[in-house]
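Student: I would like to learn how to read pockets, cavities and aromatic contacts in a model. Where do we begin?

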Amino acid sequence: MSLGSRLGIGFMRVIAPLPLPVVRGFGAFLGRILHTIAVPRRRVVDTNLAVCFPEKSEAERRAIARESFVYVAQSWLDRGWLWHAPEKTVASRLKIVGAASEIDEIAHGDEPMILFAPHFYGLDAAATALTMHTARPSATIYTTQRDPMIDAWIREGRTRFGDVAALNRVDGIKPVLQGLRKGGLLYLLPDMDFGRDQTIFVPFYGVQAATVPSLSRFARLGKAKVVPVVAKLTREGYEIEILPTWQNFPTDDVEADTALMNERLQGYIDTMPSQYYWVHRRFKTRPEGEPPIY
């Protein structure tokens, strides 16, 4: 357990009671600094935006990149109050909106449901809001952090409220399906590039992107409906929008389902491009024979 990890977690505990405008102001300051000094990561963001938004001007993409770094910093600092502030404070900053029937079913239903939660910067806030909103058993899949202390802190934060199981990515499909078949919720974030293994190439903004087809497969095997969840960082905290259940999904065509997932994700991103997780190398895995993008 490193001293840096202890200090970092201690810092998050210290800022948890601060007024939200103070935390957000510090996050904006930190984000602007990161945009300036984190050159390799800034290049990743710039490349992603150039690939996905060639129709935008360079000035427009620069503005999105700067905002994106601010949201990175603000959403990270927000985990201080999400995971350590009193429950009443957390609840006051999280607003769930959208499809009334789906919101009610998340809270009180008993049928298997997958919450498709793309990597917007408010993803942890959305998970917290939903677990506060329901007594249903739920699960999320995460990747183990290298530092055991940080890993434990993140896992404890994500399971703070409700009946939540944090499943490791290496645990496989069995515990995921067991939870769904018992009428549970699965908070799924399948829109990252996890390498060549167990992925397929489908378009994302017109570029072939290695994509995990887990949304289609889990929905089919778990006989679960798919409900999208889009998290937006706001001045008051976060707005978590629950969208209507996807109809006629999944099908027997996993590739078509996964391509549809990316297509619909693009629509969500287009409404707030600076809040998507562009710091990730989404196109790092290329089809055989294709040149690298980064």
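Tutor: Begin with exposure. Buried means under 20% relative accessible area, exposed means over 50%, and partly exposed lies in between, with a 1.4 Å probe and protein chains only. This is a predicted model, where local features need pLDDT of at least 70, side-chain atom pairs count only at pLDDT 80 or more, and totals for chains, interfaces and linings use all residues. Residues are numbered from 1 along each chain as its sequence is written, and side-chain values use heavy atoms, with hydrogens and water left out.

Student: Is Trp 76 buried, exposed or partly exposed?

Tutor: Trp 76 has a relative accessible area of 38%, so it is partly exposed. Trp 153 is at 6% and counts as buried.

Student: How do I read a pair of rings?

Tutor: A pair of aromatic rings is described by the distance of the centres and the angle of the planes. Rings of Phe, Tyr and Trp (its six-membered ring) pair if their centres lie within 6.5 Å; planes under 30 degrees apart count as stacked, over 60 as edge-to-face and the rest as tilted. A search of the whole structure gives 15 aromatic pairs.

Student: Where in the chain do Phe 53 and Trp 278 lie?

Tutor: In distant parts, 225 residues apart. Phe 53 is in the loop between α3 (39–52) and α4, and Trp 278 is in the segment after α11 (254–271). Helices (H or I, at least four residues) and strands (E, at least two) are DSSP runs, numbered from the N terminus. Phe 53 has a relative accessible area of 3%, so it is buried. Trp 278 is buried too, at 1%.

Student: And the pair of Trp 76 and Trp 153: what is its geometry?

Tutor: Edge-to-face, at 5.7 Å centre to centre and 75 degrees between the planes. This pair also links distant parts of the chain: Trp 76 sits in helix α4 and Trp 153 in helix α8, 77 residues apart.

Student: Which residues form the aromatic cluster with Phe 53?

Tutor: Phe 53, Phe 120, Phe 204, Tyr 205, Tyr 276, Trp 278 and Phe 283 form one cluster.

Student: Which charged side chain sits over the ring of Phe 204?

Tutor: A charge sits over a ring if NZ of Lys or CZ of Arg is within 6 Å of the ring centre and within 35 degrees of the ring normal. The charged end of Arg 282 does this at Phe 204, 5.5 Å from the ring centre. Arg 169 lies over the face of Phe 194, at 4.1 Å from the ring centre.

Student: How do I read empty space?

Tutor: Rolling a probe the size of a water molecule over the atoms shows where empty space is left. On a 1 Å grid over the protein atoms alone, a cavity is a set of points where a 1.4 Å probe fits but cannot get out; a pocket is an open set with protein on both sides within 12 Å along at least five of seven lines; lining residues have an atom within 4 Å of a point. Grid points are joined across faces, edges and corners, and a volume is the space filled by probe spheres set on the points.

Student: What volume does the largest pocket have, and which residues lie nearest its centre?

Tutor: About 1,400 Å³. Its lining has 44 residues, with His 119, Tyr 142, Thr 143, Arg 169 and Phe 194 nearest the centre.

Student: How does the lining of the largest pocket divide by class?

Tutor: Into 25 nonpolar, 11 polar and eight charged residues. Ala, Val, Leu, Ile, Met, Phe, Trp, Tyr, Cys and Pro count as nonpolar, Asp, Glu, Lys and Arg as charged, and the others, Gly among them, as polar.

Student: How many cavities of 30 Å³ or more are there?

Tutor: Two. The largest cavity has a volume of about 120 Å³. It is lined by 13 residues, and Ala 127, Thr 131, Ser 138, Val 164 and Tyr 187 are the closest to its centre. The second largest cavity holds about 40 Å³. Its lining includes Trp 83, Asp 124 and Arg 158. Helix α7 gives the most to that lining, with four residues.

Student: Is Asp 124 buried or exposed?

Tutor: Asp 124 is buried, because its relative accessible area is 4%. It lies in helix α7. Its side chain makes a polar contact of 2.8 Å with the side chain of Arg 79. A polar contact is a pair of N or O atoms within 3.5 Å; within protein, one must be able to donate a hydrogen and the other to accept it, and residues adjacent in sequence count only if both atoms are side-chain atoms.
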